[in-house]
Amino acid sequence: MMARERAGWRDTLRAYRQPKVLVMLFFGFSAGLPLLLIFSTLSLWLREASVDRSTVTYFSWAALGYSFKFIWAPLVDRLPLPGLTRWLGRRRSWLLAAQLSVIGAITWMAFTDPAENLHLMAFAAVLLGFSGATQDIVIDAYRIESAERELQALMASMYIAGYRVGMLVAGAGSLKLASWFGAEGGYHYSAWQWTYLCMAAVMSVGVITTLLVSEPEVEADRSGLFHDAFDYLRFLALFLLVVAVFAGSFFLGGNLVATARADWVAALPQDAMLIGFGIEAGRLLLALLLAGLAARFGVALGLVRAAVLRETYLEPVADFFRRYNRVAFLVLALVGLYRVSDIVLGVISNVFYQDMGFSKDQIADITKTFGLVMTIAGGFLGGMLTLRYGVMRILFIGALLSAGTNLLFMLLAQVGADVPLLILVITADNLSAGLAGAAFVAYLSGLTQVAFTAFQYAMFSSLMTLAPKLLGGYSGSLVDSMGYERFFLLTALLGLPVLLLIYLANRYASAQ
């Protein structure tokens, strides 16, 4: 019995050396690089260029593509790229196009001084967000299609490790470069220019990987959907119309939403958080509704054949509900809530560390650098355990640990700036987050159908962060009203319904 156990662990570790698993390390690095070049790194550049804080925060909207990538994911599933698809295949052609677009956007930012032309920088940042999100869509589809379901947890853990390293290079690495290039202090545009040019050069890791790997052997039948180039152009025109209606209604309605929220909160101050959440959710749903009406209007005008729209957008959703039938909403609830306790706490974690009295160096060294190592270690552990014991068991353990470790933050809130305790908390929290993340990505991968891989995974991953991010926006208000200790207890309790959802989902899977 013991010999079989040791052999099993050897087989598990050996699986990490498979080329298709190792490839995900480099793809993960390529995917993790663009994100912080829009968020924290760009924010510091803009502040050094004397851009006011309110304008700096607007630039975070450039990354909204990551939350709404499901809107154009069907294009990745359905549309070939002239010349590239025949040369590289369906997935690698889109990967190369997205990566070259990322490099182009970063280079554009490098040659734009925000102190001189802030609008050009905004357009470049939006392009980077769109390109980075597109790269994520293709990498997720490639990962799912290039390996059997049993290897998805290992692929996910390797991808997460690469992603975190890419974020570290784009975050801490770019700041070190900017400091080195601008050694005299103050604002030096050339320092940031060379920093972003270096980041564009580092993206060659992803390009080289794309050119060296092979196309996934799994291929779904897509014949008969588009008949000629005119079909492509009409579909693209409808897509742009829908995006314009969605973006216009969502962003232009911001002032109306702010006014309505202020009026309702003034009338019912005790329900401020609930009112804010409801209004923001209604704003999103209204934008989606108007985008859907725009799509129907385009079809009614004959802009696109109804069959094209149905097979591109509606069929992937219908396929999911056909396969999961009456438990489809249970699965969607699990997807939407699995990371709720983790994300809601994470939104305010840096503020908490600062309020407890930890220095910036301690926060950077322990929560960022050491925390990154623990997250990667947790991801590898989660991948191995999932391969040996199955997705659902580790999914349950990951959810239990992620919620339970939030209770350690209560202890830290009581003790204060205790460095050994902070190390213990970060070790437990990041290990459990990495373990849960690897199992959850494997679970999401198993929900997809090969004919709609890109769209369905993009839909699930967008749903995964939507509710937690909306709730996380009110974490500061919750802390103000109840204090840190009760807030951390609340985030732990938010994980309890997730455990029930996993149990029910597992019971359904066992009954199949």
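A crossing of two helices is left-handed if the near helix is turned anticlockwise from the far one by less than a right angle, and right-handed if clockwise. Keep that in mind.

This is a predicted model: local features need pLDDT of at least 70, side-chain atom pairs count only at pLDDT 80 or more, and totals for chains, interfaces and linings use all residues. Residues are numbered from 1 along each chain as its sequence is written, and side-chain values use heavy atoms, with hydrogens and water left out.

The overview. The protein chain has 24 helices and zero strands. These are DSSP runs, H or I of at least four residues for helices and E of at least two for strands, numbered from the N terminus. Of its 512 residues, 50% are buried, meaning under 20% relative accessible area with a 1.4 Å probe, protein chains only.

Helix α9, residues 152-181, packs on helix α21, residues 419-447, at about 125 degrees, with the axes 8 Å apart. Axes are lines fitted to C-alpha atoms over the stretch in contact, and angles run from 0 to 180 degrees between N-to-C directions. That makes α9 oblique to α21; oblique is what remains after under 35 (roughly parallel), over 145 (roughly antiparallel) and 65 to 115 degrees (roughly perpendicular).

Which hand does the crossing of α9 and α21 have? It is right-handed.

Who touches whom? Contact means heavy atoms within 4.5 Å. Gln152, Ala153, Ala156, Ser157 and Ile160 in α9 meet Gly437, Ala438, Val441, Ala442 and Ser445 in α21.
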